[in-house]
Amino acid sequence: MSGQRIKFYQTGSFAVGNRLLKPEQRTVQSDAGRTNSLTTGHRACQGCGEALGARYVLDAVMRATGNRAVTVNATGCLEVFSTPFPESSWRVPWLHSLFGNAPAVATGVAAALKAKGRTDVRVVGQGGDGGTVDIGLACLSGMFERNDDVLYVCYDNGGYMNTGVQRSGATPHGAVTTTTPAGNSFGQGKNLPLIAMAHRIPYVATATVADLRDLEYKAARAMEFHGARYLHVLVPCPLGWRTASDKTVSVARMAVESGFFPVFEAIDGEVTEVTPIRRPRPVADYLSLQGRFGETPAADVVSRLQAEADRNIRSFGLVVE
Amino acid sequence: MRAQIEGSRAVARTVARCRPEVVCAYPISPQTHIVEALSVLVAAGTLAPCEFVNVESEFGAMSVAIGASAAGARAYTATASQGLLYMAEALYNASGLGLPIVMTVANRAIGAPINIWNDQSDSLSQRDSGWIQLYAESNQEAADLHVQAFRIAEELSLPVMVCMDGFVLTHAVEGIDVPSQEQVDAFLPSYRPRQLLDPDAPITIGAMVGPDAFTEVRYLAHAKHLKALEVIPRVAGDFAREFARTSGGLVRPYGCQDAEIVVIALGSVLGTLKDTVDELRSGGVRVGVLGLTTFRPFPYDAVRAALRDARHVIVLERALGTGMGGIVTADVRGSVPAARISTVIAGLGGRPITRAALRELLTGADQLEPLTFLDLKRDVVERELT
Ligand SMILES: Cc1ncc(C[n+]2csc(CCOP(=O)(O)OP(=O)(O)O)c2C)c(N)n1
Ligand code: SF4
């Protein structure tokens, strides 16, 4: 993809005009020769945003690296649904060690490759938001601080889904989980993209499964840098969010269009690019697509989440007139 | 070449000669000198190619070692006490994944109360972690065991812990023959991993295993440990031929043939025990010492053979199985179910084990309770208990 960014003005059908582009500019997924890093037949729920996101990220990474990448995975849904022994859905070298150590294990892989002089092989670590913002945060921060040559991808579905939808440090305020049955009373959650940027690592980006071309672009772009890189992907979870399984992409899009989930890139800790919103949608529209905020979300929850979205719109300059 | 050198430095230099490609470290006393010395060797380019990774915790250290080993690098780390416990989750993972990581444990007590001095509660607490555990009697043996550990680990695809008593060994300066690079190179081939993360031949490592296959996986881990009972003495034999001195192996009997009383112990206390036994023997008391160099896998047959003539076995333990007594005793009892066995808990948190106390203990062995705390200050505990 070589860093060239293609912008699409989607016309309502969301059909991306691959045919109109030169072959090297087409999406990775449109290429029959792609790696198919995460094959079909795994055991994710129908409409799982995490499965969708991981497939796009890894295929893009494989294309960007000429199929020379190693993947380290934290414990969580992605690991469990893809590797029930003796089956595996991975067509990439893939290692799972523990819930809280994927960044450090990835560091170890990178260190081994460096010692062996294998500059051709790249390393990707990945995990859910629980593994990333909570139990794995110390390892991740260490990896950032040492600027190890690893791309770490967090698939943020806003909770511990694999263990049955408990609250994580990335669960939004007001969301019902199995450990916050009355709605998450905590704050806004840990903002890991900002924490990553505070480490001044070469590349930080956010993306969602609503814009898969952007997701592919960012995964590939990340591989143009060396050192620690962080990609935070919003991946709706039909089970945990209580959304219809055909609404994964719509609900992710609404997270972006309401300003609730800002999509941006940052280089060396400074925001360099944001995905603008034409006309911000009310956060209430985003919440109403989901069951986890209750049948009719409480007014104080709505106003608090709207304030968060407004703050994002302001601080990232999401709306351009 | 023989030199006056600190135990930690001897171990660091020996490890460097084993050519690890990734070394990771997090500081904890009394392990620090080992990794400090290694970081100097890496920075100076003496140990190359090698990546030295300064991690944010012991959990991170073992995790980095796991990743490095799975990617085909020879990986090494060192820790002690709380650090080993902080690693515990990753320890089981390293052995479960069959990764031949070598780690030094500079044995130290576990808190609370916090105590930096030597006993063996840390490594013994990880008894069932799937790691091979070797215990050094002296600094010479500590150095030598590391060379053997890499061979054993890589031949079996299992991680190996080399345990050496904190301070007593790590900080003691004495004459040590640090194996030369030529000798180590001749003894230790380069690491050829059993399974490898490789883009040219992608495999899945660390899959989720259900009830249909989990027992089999655990059985295979056990079988590998049983195989280690053959590999460890063979490697020790090869070592003796190559280096012209004996270190390692399963057990080290000392005057056990005709001994009525045999004391079993692990680590540096064996030196004091042997001196005491020599003294008592010259006075006609038939005592012997059995050093356990290998604690995991437990060498049942070798222990049984060494205890053939003993009518009373005393296990000198430097850790406590709370509410039960001796951790090593449980295994000794499995080796010689019919023997009279006494447990003596000694040297906890660095309490000195003196020859005088051992002499008294052994001369009065017939009056020993099944469980004794050596040099226990009765007045202190009784105040608390009443
Ligand atoms: C040390 C440890 N604590 C708890 C668990 C149980 N556990 C496994 S996966 C998981 C939640 C994973 O959540 P997340 O990282 O958000 O990924 P998701 O399943 O949502 O994709 C938990 C709590 C574990 N495996 N290890
Ligand atoms: S619970 Fe959620 S994250 Fe897990 S597989 Fe199902 S949809 Fe995906």
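A salt bridge is counted here where a side-chain nitrogen of Lys or Arg lies within 4 Å of a carboxyl oxygen of Asp or Glu. This is a predicted model, in which local features need pLDDT of at least 70 and side-chain atom pairs count only at pLDDT 80 or more, while totals for chains, interfaces and linings use all residues. Residues are numbered from 1 along each chain as its sequence is written, and side-chain values use heavy atoms, with hydrogens and water left out.

**View 1. A salt bridge between B:E260 and B:R286.** The two side chains meet at 3.9 Å, N to O. B:E260 sits in the loop between β10 (251-254) and β11 (261-265) of chain B, and B:R286 in the loop between α10 (269-282) and β12 (287-292), so that distant parts of the chain, 26 residues apart, are linked; helices (H or I, at least four residues) and strands (E, at least two) are DSSP runs, numbered from the N terminus. B:E260 is partly exposed at 30% relative accessibility, a class between buried (under 20% relative accessible area) and exposed (over 50%), using a 1.4 Å probe and protein chains only.

**View 2. A salt bridge between A:R68 and B:D200.** Their side chains meet at 3.0 Å, N to O. Because A:R68 lies in the loop between α1 (49-64) and β1 (69-73) of chain A, and B:D200 in the loop between α8 (181-187) and β9 (204-205) of chain B, the pair joins two chains. A:R68 counts as buried at 19% relative accessibility, whereas B:D200 counts as exposed at 54%.

**View 3. A salt bridge between B:R355 and B:D275.** The side chains meet at 3.8 Å, N to O. B:R355 belongs to helix α13 (residues 355-363) and B:D275 to helix α10, both of chain B, so the pair ties together parts that are 80 residues apart in sequence.

Technical notes: Chains lettered and ligands numbered in written order.
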